[in-house]
Amino acid sequence: MSSISGLVEDEISSFFESSPPLKNKEEVVAKLNQFIELNSSRQGEKRRIVCVTSGGTTVPLEQRCVRYIDNFSSGNRGAASTENFVKAGYAVIFLYRRGTCQPYCRSLPDDPFLECFEFPDAKNIRVRESHSEAVKMAVMDQQAAVGEGRLLKLPFSTIYEYLQMLREMATALKDVGPCSMFYLAAAVSDFYVPWNSMTEHKIQSGSGPLDIRLAQVPKMISILRSNWAPKAFCVSFKLETDSKILIEKATKALQKYKVHAVVANELSTRKEEVVVVSSSGNVVVRRDSDKPESIVEDNLIRLIVDRHSTYIKENHT
């Protein structure tokens, strides 16, 4: 893997050097190392490990943040994909935006959490009968995945947190080699306010019109592929609202960042179909329309797992 250009590397270094330090870095690194060691030291064949990123990053406008620019993403894709990866035998590091969709919770009712319960008397709390099966399955599936050491959940909120945690994950997974995968489904902000240039306290509305200069977030996929985890299988995502430019943009991303596949999805049809763009051609993946509970991620992850298997065989040492 060739190294990235000096200019891009300088931009990336400058971003991290000027970012507020990750508050719980030691805890995150310890959890990562423990999780990777657990899944790399199993008897027989090593378990594959995938880092799934999910949800959107926020861009703070003040250091003591009151206002921020948000990014559209509910986290549904990442949560559903995580369930399918666990089902396929992977260990999953789920890097998710706080407050977005969680694995095994898609079947829960839309009612507020507390409305799932009832209080027959002052000493007892129980799940409402109409919700009991869904809540039971969600709890059982999540606890099974965590208990078996196959799911590690790590939250983020800001663009600063996300990219620092992604770097820690990539460097921790470097030695896992081809058996590791990055499934980068998070909606990462394209622009941000540099930490050193933003005001410390709340921006006052009485100051008049607000002018903010946004800097471009350096594309970290390039350094992830070249330096952080060069042997890992890497899948990125491209979302557009204009279907006419979607495949072109996804193809350019494939070539520019040298990822192994780009999942191209158009906003209005993203829950029905996606296109997996790769050097071997483009494959349209749809949900099974004849199955009411089917989701597109069921077939998408099946394809990605198959591609990863081929990659591992080709890079077996």
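Author: Let us begin with a definition. A crossing of two helices is right-handed if the near helix is turned clockwise from the far one by less than a right angle, and left-handed if anticlockwise. Please keep in mind that this is a predicted model.

Reader: Which hand does the crossing of α2 and α5 have?

Author: The crossing of α2 and α5 is right-handed. In general, two packed helices are described by the angle between their axes and the distance between the axes. Here α2, residues 25–40, packs with α5 at about 35°, and the axes are 10 Å apart.

Reader: Which residues of α2 and α5 make the contact?

Author: From α2 come Lys25, Val28, Val29, Leu32, Asn33 and Ile36, and from α5 come Met165, Glu168, Met169, Ala172 and Leu173.

Reader: How many residues of helix α6 are buried?

Author: A residue counts as buried when its relative accessible area is under 20%. In α6, which spans residues 221–228, six of the eight residues are buried. They are Ser222, Ile223, Leu224, Arg225, Ser226 and Trp228. The elements against which these buried residues pack include α1 (6–18), α5 (159–173) and α7 (243–257), as well as the strands β8 (180–184) and β11 (233–240).

Reader: How many aromatic pairs does the structure hold, and how is one of them described?

Author: The structure holds twelve aromatic pairs. Take Phe15 and Tyr192: the ring centres are 5.1 Å apart and the planes stand at 70°, so this pair is edge-to-face. Because Phe15 lies in helix α1 and Tyr192 in strand β9, the pair ties together parts that are 177 residues apart in sequence. Phe15 is buried, with a relative accessible area of 1%, and Tyr192 is buried at 7%.

Reader: How is the pair of Tyr160 and Tyr192 arranged?

Author: The pair of Tyr160 and Tyr192 is edge-to-face, with 6.1 Å from centre to centre and 85° between the planes. Tyr160 belongs to helix α5 and Tyr192 to strand β9, so this pair ties together parts 32 residues apart in sequence. Ring pairs also link Phe15, Phe16, Tyr160, Tyr192, Trp195 and Trp228 into a cluster.

Reader: What does Thr53 touch, leaving aside residues up to four places away in sequence?

Author: Thr53 touches Leu95, Tyr162, Leu166, Tyr183, Leu184, Ala185 and Ala186. Thr53 is placed in strand β1, residues 49–54, and is buried at 0% relative accessibility.

Reader: Which value of phi does Tyr104 have?

Author: Most residues other than glycine have a negative phi. Tyr104, however, has a positive phi near 70°. Tyr104 lies in the loop between β4 (91–97) and β5 (117–121) and is buried, with a relative accessible area of 11%. Lys258 also has a positive phi, about 55°. Lys258 is found in the loop between α7 and β12 (261–266) and is partly exposed, with a relative accessible area of 45%.

Key: Residues are numbered from 1 along each chain as its sequence is written. This is a predicted model: local features need pLDDT of at least 70, side-chain atom pairs count only at pLDDT 80 or more; totals for chains, interfaces and linings use all residues. Side-chain values use heavy atoms; hydrogens and water are left out. Buried means under 20% relative accessible area, exposed over 50%, partly exposed in between (1.4 Å probe, protein chains only). Helices (H or I, at least four residues) and strands (E, at least two) are DSSP runs, numbered from the N terminus. Contact means heavy atoms within 4.5 Å. Axes are lines fitted to C-alpha atoms, for helices over the stretch in contact, and angles run from 0 to 180 degrees between N-to-C directions. Rings of Phe, Tyr and Trp (its six-membered ring) pair if their centres lie within 6.5 Å; planes under 30 degrees apart count as stacked, over 60 as edge-to-face and the rest as tilted.
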